[in-house]
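Subject: Structure handover

Hello,

Here is the structure for you to look through. Please keep it open while you read the notes below it.

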Amino acid sequence: MSLLSSSKLNILLIDSDEVIHLIWDKGRLNFHENYSVDQHGFDQFHVFLEGDSNTPFALVLDVIEEDFRNETVAHVTGADRQAMMQRKLAHIFRTTPYRTSRVVGRETTGRKDDHILLTGLTKPDVIEPWLSRVLNNQVPLLAITSAAYVMELFAKSLGFGQEAHLLMVNQEANSGLRQTYLQNGRVIFSRLTPTSVSEGDDFSELVLEQCDQTRKYLERIKQLPYETHLKVHVFTAEKFSDETSTERENLSYQYHVISDMPLSKRINLVDSAPGAIAYSMISALNKKGVPNVYAPAKARRFAFIKQAKSVMYTASALAVLGSVVAVGPTVLDATAKWEQEFEVTQRTEP
């Protein structure tokens, strides 16, 4: 189910320390509120839900507790593939219902096995206090996704979908430095490093150091071939060196300032609001929307009910319109005959 572009949508960006409430309305993404992860924050959120239970929600998580597992399995299709994926998810992520899998590639030699990606939110406690309040108020939930999958959409919107090896880096004011590695436009791995940039710190050097660590890790787990040239795009609001591009040890860096990007005027950024994640959300909402990644069907039931009601209302309206169209000629014919009869009666009365 897709998070469709709508006139109004509530978005909760959840990290380990706080929750940022954004509202998508009339083509603009506006900051609404910061909620602390305690009873005071829960109460604030509950008050908001009591005032508006019709506008749907989407939850976006930017947390460390998201695990990425890459495996190679025998190539199967249809129900067999689905059953195999479910078994692996249940085994690896047995403690969380927020999990998903997909095929990200296939070997070109030998048995031509499938490369699959298994991901899950390993700490349900991060999301459940907010999700439970949304569902208790019967508010439609359209999607649960993560910053990694949002950055995948962002890469596609920027035309990076065909890059063989790409590292998307975004600095968020609250969570830290996120690095998302993609192959041919598909997420393979993502990690979040809690960082804080103080005045006088060299942000560029921090990025270079963290990206080098990520590259070495990807080489070690055999997701990135050794000595492969890796393109790195950095999205930030921080100050960095005067150079907007850098070459270093098989890494090509390109820096982008969020406030300078074309859609920046359509987002109300405040000090505590997200940067690249919010920007990429605008790009997605302007198009097909953000697909659901982690929300199980049970969590989306009120969205399904609302959608079913809309379909029923539309079908009823079309049925009434069809009936009017169908009986219209008969009514017009009867009216014409009545007018003729009245005219004859008027003429014959004298």
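**Aromatic pairs and the rest**

Phe235 is buried, at 1% relative accessibility. Buried means under 20% relative accessible area, exposed means over 50%, and partly exposed lies in between (1.4 Å probe, protein chains only).

Before going on, note that this is a predicted model: local features need pLDDT of at least 70, side-chain atom pairs count only at pLDDT 80 or more, and totals for chains, interfaces and linings use all residues. Residues are numbered from 1 along each chain as its sequence is written, and side-chain values use heavy atoms, leaving out hydrogens and water.

Now the overall picture. The protein has 7 helices and 17 strands. These are DSSP runs numbered from the N terminus: helices are H or I with at least four residues, strands are E with at least two. Of the 350 residues, 44% are buried. Take the contacts with a separation of 6 or more: residues 24 or more positions apart account for 62% of them. A contact means heavy atoms within 4.5 Å. The protein exposes about 18200 Å², and carbon and sulfur atoms supply 52% of that. Accessible areas come from the Shrake-Rupley method with a 1.4 Å probe; for residues, only the protein chains shown count as cover.

Next, the rings. How many aromatic pairs does a search of the whole structure find? It finds 12. Rings of Phe, Tyr and Trp (its six-membered ring) pair if their centres lie within 6.5 Å; planes under 30 degrees apart count as stacked, over 60 as edge-to-face, and the rest as tilted.

One of the pairs is Phe68 with Phe189. It is edge-to-face, at 6.4 Å centre to centre and 65° between the planes. Phe68 sits in strand S6 (residues 66-73) and Phe189 in strand S12 (residues 186-193), so the pair links distant parts of the chain, 121 residues apart. Phe68 is buried, with a relative accessible area of 8%. Phe189 is buried as well, at 10%.

Phe154 and Phe235 form a tilted pair, 5.1 Å centre to centre, with 50° between the planes. This pair also links distant parts of the chain: Phe154 is in helix H4 (residues 147-157), Phe235 is in strand S13 (residues 230-236), and they are 81 residues apart. Phe154 is buried, at 1% relative accessibility.

Ring pairs link Tyr35, Phe42, Phe45, Phe48, Phe57 and Trp130.

Then look at helix H2 (residues 78-92). Its 15 residues should span 21 Å at 1.5 Å a residue, and its end C-alpha atoms are 22 Å apart, which agrees. The expected span is 1.5 Å times one less than the number of residues. Met84, Met85, Leu89 and Ile92 are buried in H2. They lie on the same side of H2, because they cover an arc of only 130° around the axis. The arc is that of the directions from the helix axis to the C-beta atoms. The face turned away from the buried side carries the exposed residues Ala79, Asp80, Arg87 and His91. Cover for the buried residues of H2 includes S6, strand S7 (99-106) and strand S8 (114-121).

Last, strand S2 (residues 8-14). 6 of its 7 residues are buried, so S2 is largely enclosed by the rest of the structure. S2 pairs with strand S3 (residues 18-25) in the antiparallel sense over 7 bridges. Two strands pair if DSSP finds at least two bridges between them. A hairpin of 3 residues joins S2 to S3.
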